[in-house]
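Dear colleague,

Please find below the structure that I am handing over to you. A short account of the findings follows it.

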Amino acid sequence: MKIKTARIKECPYCKSRKITTGIQSGYAQIATGLIGRSSALIHDICTDCGAVLLSRVEKVELFAKKYEKEQMKED
Ligand SMILES: [Zn+2]
């Protein structure tokens, strides 16, 4: 499983620039509500104060597809 690099460069709480990423997967995945379509979460974490600075889904394309479907229903 590929873990992306951190997007946040500086912690807004303690001003540390020692940011790394962690991945939250297994039963803690984020579901789209569609069967079999869920994604792990990637967190940018400050290694000095432990703050979770940014959480984002790993498989953003699943949510993009869901959004497109929702838009088509509204038309
Ligand atoms: Zn910090």
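What percentage of the 75 residues in the protein chain is buried? The share is 9%, where a residue is buried if 20 or more other C-beta atoms lie within 10 Å of its own, exposed if 12 or fewer, and partly exposed in between, with C-beta atoms placed from the backbone.

Please note that this is a predicted model, in which local features need pLDDT of at least 70 and side-chain atom pairs count only at pLDDT 80 or more, while totals for chains, interfaces and linings use all residues. Residues are numbered from 1 along each chain as its sequence is written.

The protein chain contains five strands and one helix, in the order β-β-β-β-β-α along the sequence. Helices (H or I, at least four residues) and strands (E, at least two) are DSSP runs, numbered from the N terminus. The protein chain is more spread out than a compact globule, because its radius of gyration, taken over C-alpha atoms, is 15 Å, well over the 11 Å that the globule rule (2.2 Å times the number of residues to the power 0.38) gives for 75 residues. Along the principal axes, its C-alpha atoms fill a box of roughly 45 × 25 × 15 Å.

The helix, α1, covers residues 60-74. Among its 15 residues the count of buried ones is zero, so α1 is hardly covered. Glu-70 belongs to this helix and counts as exposed because it has 9 C-beta neighbours inside 10 Å. Glu-70 is 37 residues from Gly-33 in sequence, and their C-alpha atoms are 12 Å apart in space.

With kind regards
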